[in-house]
Amino acid sequence: VMNDIITTMFNKKFMEELFKPQELYSKKALRTVYDRLAHASIMRLNQASMDKLYDLMTMAFKYQVLLCPRPKDILLVTFNHLDAIKDFIRDSPGILNQVDETFRQLIETYSCVSAGEFQLIRQTLLIFFQDMHIRVSIFLKDKVQNSNGRFVLPISGPVPWGTEVPGLIRIYNHNGDEVKRTEFKTDGNYVTPQREGSFDLYGDRVLKLGTNMYSVSRPVETHMSGSSKNLASHAKENIVPNPLAKEELNFLARLLGGLEVKKPGGSETGFRLNLFTTDEEEEHAALTRPEELSYKVINIEATQEPARRAELSRILGELEVAEPRPASAGKGEDLLALMDGL
């Protein structure tokens with residue numbers, strides 16, 4: 001299952017689309033891509049478990065971006081993600097090569113990006129997630145999230161690399177010469193970092209954000225926070241039509257064209273992943289979740305549009321699969337069915 005999901009996620013065509021300069025797309029488009037990636041193997045999740053998994057993913061990512069000591073460290077968080085992924089597939093050299101190629105693309109693309117541009121990237125990501133305040137038990141227990149779903153910024157620990165521990169004010173004259181120093185007391189217990197994290201293909205990232213949150217075994221739950229009224233107002237964007245919806249769907253058609261959704265066949269009966277303790281708890285969560293907060297998808301009929309069918313056929317012809325798979329007679333139909341489900 002992990003091999004299938006990682007192979008799909010790091011598909012060459014998929015990565016090429018992601019690395020193209022583009023506007024940030026909507027929450028609806030992100031959820032659609034996430035659904036397809038999560039179901040790229042024989043594993044299946046029903047709506048309630050999928051919602052819970054997505055909520056956990058978005059809040060964990062928001063936490064990591066928010067607590068980055070400096071904007072450039074977003075790249076170190078990403079490298080921590082990729083390092084962990086490489087551990088999953090260390091016995092599959094073909095897939096490992098796909099991940100390493102993405103690694104190299106990240107280094108090549110972002111090695112020359114300025115601190116100001118990284119700050120813009122960080123602000124853009126935080127604006128995207130600013131209305132999401134879902135409580136996660138692992139964060140609540142570690143005291144990094146308040147009961148209202150907002151994260152707590154630490155006032156202790158290492159300061160960003162390249163900066164000094166706060167507590168000193170330097171005063172300069174018009175020639176740039178230091179003429180006076182004033183010290184002040186801080187409430188936090190700050191320390192100077194010993195070294196900078198490695199931005200190379202292999203190395204010590206130093207930063208722990210983006211590493212395994214489950215290194216200590218504990219249950220994880222997500223809860224809706226705040227009043228339903230406030231959350232419902234934020235969720236209305238899923239109902240109001242997006243004027244750029246057509247362009248987004250065309251983008252997703254290209255993006256998802258390179259993804260192969262594996263369906264159980266032959267001796268593989270497939271299995272269902274339940275993120276709740278029991279099936280009854282999962283069913284209850286699906287029934288009690290406010291309708292306006294459920295993640296909706298747009299239904300389009302791609303089979304009736306010759307241009308779209310031709311585009312999908314072209315993409316299918318370009319699809320490169322790293323490892324040989326048994327031939328499936330219904331491959332083309334599966335791809336069109338995938339697009340019908342958007």
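## Close-up views of a predicted model

**View 1. A network of salt bridges.** Glu-164, Arg-170, Glu-178 and Arg-181 are joined to one another in a network of salt bridges. Within this group, the side chains of Glu-164 and Arg-170 meet with a nitrogen-to-oxygen distance of 3.2 Å. Glu-164 is exposed, its relative accessible area being 54%, while Arg-170, at 31%, is partly exposed.

**View 2. Two further salt bridges.** The structure holds 10 salt bridges, and two of them are shown here, one between Asp-73 and Arg-70 and one between Glu-17 and Lys-20. For Asp-73 and Arg-70, the distance from N to O is 2.9 Å; Asp-73 is buried, with a relative accessible area of 5%, and Arg-70 also counts as buried, with a value of 15%. In the pair formed by Glu-17 and Lys-20, the closest N and O atoms are 3.4 Å apart. Here Glu-17 is buried at 9% relative accessibility, whereas Lys-20 is partly exposed at 44%.

**View 3. The second largest pocket.** This pocket has a volume of about 910 Å³, and 37 residues line it, with Leu-67, Pro-69, Pro-158, Leu-207 and Leu-209 lying nearest its centre. The elements that contribute two or more residues to the lining are helix 4 (47–66), helix 5 (73–88) and strand 3 (157–158). Of these, helix 4 gives the largest share, which amounts to 3 residues.

**View 4. A positive phi angle in a loop.** Lys-143 is found in the loop that runs between helix 8 (137–141) and strand 3. Its phi is near 60 degrees, a positive value in a residue that is not glycine. Most residues other than glycine have a negative phi. With a relative accessibility of 67%, Lys-143 lies over the 50% cut-off and so counts as exposed.

Definitions and conventions: Residues are numbered from 1 along each chain as its sequence is written. This is a predicted model: local features need pLDDT of at least 70, side-chain atom pairs count only at pLDDT 80 or more; totals for chains, interfaces and linings use all residues. Side-chain values use heavy atoms; hydrogens and water are left out. On a 1 Å grid over the protein atoms alone, a cavity is a set of points where a 1.4 Å probe fits but cannot get out, and a pocket is an open set with protein on both sides within 12 Å along at least five of seven lines; lining residues have an atom within 4 Å of a point. Grid points are joined across faces, edges and corners, and a volume is the space filled by probe spheres set on the points. Helices (H or I, at least four residues) and strands (E, at least two) are DSSP runs, numbered from the N terminus. Buried means under 20% relative accessible area, exposed over 50%, partly exposed in between (1.4 Å probe, protein chains only). A salt bridge is a side-chain nitrogen of Lys or Arg within 4 Å of a carboxyl oxygen of Asp or Glu.
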